[in-house]
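Trainee: I have a new model open and would like to go through it. Start wherever you like.

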Amino acid sequence: MASNTRSAWKNPSYLQSSFGIFMFFCSWGIWWSFFSRWLTDPTHGLGMSSAEQGQIYSINSLATLVIMFAYGAIQDQLGIKRKLVIFISAVAALVGPFVQFVYAPMLTAGGTTRFIGVLIGSIVLSAGFMAGCSLFEAITERYSRKFGFEYGQSRAWGSFGYAIVALCAGFLFNINPMLNFWVGSICGLGMLCVYAFWVPAEQKEELKKEADPNAAPTNPSFKEMVSVLKMPTLWVLIVFMLFTNTFYTVFDQQMFPNYYASLFPTTEIGNATYGTLNSFQVFLESAMMGVVPIIMKKIGVRNSLLLGATVMFARIGLCGVFHDPVSVSIVKLFHSIEVPLFCLPAFRYFTLHFDTKLSATLYMVGFQIASQVGQVIFSTPMGALHDHLGDRPTFFTISGIVLAALIYGIFVIKKDNQEVGGDPFYTDKQLKAMKAADAEVKA
């Protein structure tokens with residue numbers, strides 16, 4: 001394993017991983033940040049209702065759920081091999097022509113053709129982006145442990161990429177929404193080149209070691225991967241994520257863009273302003289990716305997750321309280337600390353309490369799949385509720401659900417360790433093993 005003290009800028013695996021995840025989020029963010037607007041905007045998009053949009057998000061989440069579990073299981077078998085990552089990059093590179101010539105025409109056709117289009121789109125978009133996102137995060141985290149760099153620093157480049165393209169997305173959307181998808185293809189092609197051709201020497205060496213038939217097995221068996229579903233500690237976290245991180249998409253993708261655009265005199269001004277605000281928020285999110293590891297060391301992994309839920313509860317509730325662009329814009333910026341407080345502690349929680357060989361499967365099941373199940377459950381009914389009651393009651397309802405999950409988490413999420421003054425990055429079992437080893441040395 002590479003030294004942890006090595007400068008990140010001199011670590012080729014850090015540079016490669018960071019640039020790869022940067023290109024992924026550029027490819028995804030340029031169209032995903034305005035996907036909801038594209039579905040519902042009657043002028044520049046397809047003019048769907050919130051309930052119709054919710055159905056698409058539900059079906060997308062259902063496809064993501066299945067594909068994500070498959071991705072986690074496959075990548076845990078592949079270790080650090082990139083075959084799956086290259087496949088996802090190729091799908092991302094084709095998003096422009098797919099939406100232009102297949103997806104959009106089928107959605108506008110109506111009837112059975114539209115339903116088939118929704119199904120096909122859920123598979124393609126999930127395979128290339130929604131499920132692909134967690135896979136890229138999981139493999140970047142695995143590389144960080146294997147080759148000695150800080151995952152949060154590398155993941156921050158993903159947020160930075162999203163911020164850059166979000167700055168342009170609103171202006172491109174006002175010209176022609178299809179431009180967003182085609183720029184996504186260009187970025188996907190760049191990502192494909194990174195993962196297909198840029199292989200640092202230390203990674204080649206590690207791949208050779210893993211290919212040695214006499215080497216100790218480092219990949220989990222299928223039985224071990226299935227066994228994660230029998231872990232009570234994992235199910236505790238799944239329930240917590242089901243009623244918290246779920247609403248990252250339900251609220252922030254389905255509802256907030258349209259609500260925010262409605263605060264301005266014209267939708268064009270709203271679209272452009274939302275793109276700029278979203279970009280600024282993700283720039284801050286990128287910076288917070290470097291700050292949250294410090295917060296975790298100060299208050300612990302469990303408390304960091306609970307803090308993330310607290311920020312989400314306040315942010316969504318305050319969006320129902322305020323109705324002027326300035327106040328809502330300020331509240332939106334709370335998002336910049338919320339995302340890192342869910343993403344980074346979740347990974348750390350799995351590496352603390354479970355076998356690190358299963359990190360990709362655990363992250364997919366415990367964090368991402370739990371969120372996708374929540375989206376399947378909540379997207380359509382919340383969309384219908386929004387159509388029926390409007391913004392404020394829906395926002396307060398979502399905020400109340402998150403508050404209930406926060407109270408649940410306070411009582412049931414496992415503490416990092418029970419010892420006063422102990423290192424929050426070690427579990428009780430790890431601490432006992434370390435003390436036993438120290439005792440042996442002294443003896």
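Mentor: Start with Glu 206, which is buried at 17% relative accessibility. Buried means under 20% relative accessible area, exposed means over 50%, and partly exposed is in between, with a 1.4 Å probe and protein chains only. The model is predicted, so local features need pLDDT of at least 70 and side-chain atom pairs count only at pLDDT 80 or more, while totals for chains, interfaces and linings use all residues. Numbering runs from 1 along each chain as its sequence is written, and side-chain values use heavy atoms, with hydrogens and water left out.

Trainee: Where does Glu 206 lie?

Mentor: Glu 206 is in helix H9. Helices here are DSSP runs of H or I with at least four residues, numbered from the N terminus.

Trainee: How far apart are the C-alpha atoms of Glu 206 and Phe 147?

Mentor: They are separated by 9.5 Å, for two residues 59 apart along the chain.

Trainee: Which side chain meets Glu 206 in a salt bridge?

Mentor: Lys 146 does, at 3.6 Å from N to O. Lys 146 is in helix H6 and Glu 206 in helix H9 (residues 201-211), so the bridge ties together parts that are 60 residues apart in sequence. The rule for a salt bridge is a side-chain nitrogen of Lys or Arg within 4 Å of a carboxyl oxygen of Asp or Glu.

Trainee: Is Lys 146 buried or partly exposed?

Mentor: Lys 146 counts as partly exposed, at 23% relative accessibility.

Trainee: How many salt bridges does this rule give?

Mentor: The count is seven. Another one joins Arg 315 and Glu 338, with 2.7 Å from N to O. Arg 315 belongs to helix H15 (residues 301-321) and Glu 338 to helix H17 (residues 335-353), so this pair ties together parts 23 residues apart in sequence.

Trainee: Which network includes Arg 315 and Glu 338?

Mentor: Salt bridges with shared partners link Asp 252, Arg 315, Lys 332 and Glu 338 into one network. Arg 315 is buried at 1% relative accessibility, and Glu 338 is buried at 1% as well.

Trainee: What does Asp 41 pair with?

Mentor: Asp 41 forms a salt bridge with Arg 37, and their closest N and O atoms are 2.9 Å apart. Asp 41 is buried, with a relative accessible area of 0%. Arg 37 is buried too, at 6%.

Trainee: What is the volume of the second largest cavity?

Mentor: About 40 Å³. Volume is the space filled by probe spheres set on the grid points, which are joined across faces, edges and corners.

Trainee: Which residues line the second largest cavity?

Mentor: Gln 16, Ser 17, Arg 82, Ile 139, Thr 140, Tyr 143 and Tyr 195. A lining residue has an atom within 4 Å of a point. Helix H1 (12-32) and helix H6 (111-147) each contribute at least two lining residues, and the largest share, three residues, is from H6.

Trainee: What is the lining by class?

Mentor: Three nonpolar, three polar and one charged. Ala, Val, Leu, Ile, Met, Phe, Trp, Tyr, Cys and Pro count as nonpolar, Asp, Glu, Lys and Arg as charged, and the others, Gly among them, as polar.

Trainee: Where is Ile 21, and how far is it from Tyr 195?

Mentor: Ile 21 is in helix H1 and is buried, with a relative accessible area of 0%. Ile 21 and Tyr 195 are 174 residues apart in sequence and 9.9 Å apart in space, C-alpha to C-alpha.

Trainee: Now the surface. Which residues make the nonpolar patch?

Mentor: Phe 101, Val 102, Phe 115, Ile 116, Leu 119, Ile 120 and Trp 182, with about 620 Å². Patch residues have over 30% relative accessible area and no salt bridge; nonpolar side chains (Val, Leu, Ile, Met, Phe, Trp, Tyr) are joined within 5 Å, like charges within 9 Å. Areas use the Shrake-Rupley method with a 1.4 Å probe, and for residues only the protein chains shown count as cover.

Trainee: Which helix gives the largest share of the patch?

Mentor: H6, with four residues. Helix H5 (95-109) and H6 each supply at least two. Ile 116 is in helix H6 and is partly exposed at 39% relative accessibility.

Definitions and conventions: 1 Å grid on protein atoms, 1.4 Å probe; cavity = no way out; pocket = protein on both sides within 12 Å on 5 of 7 lines; lining within 4 Å.
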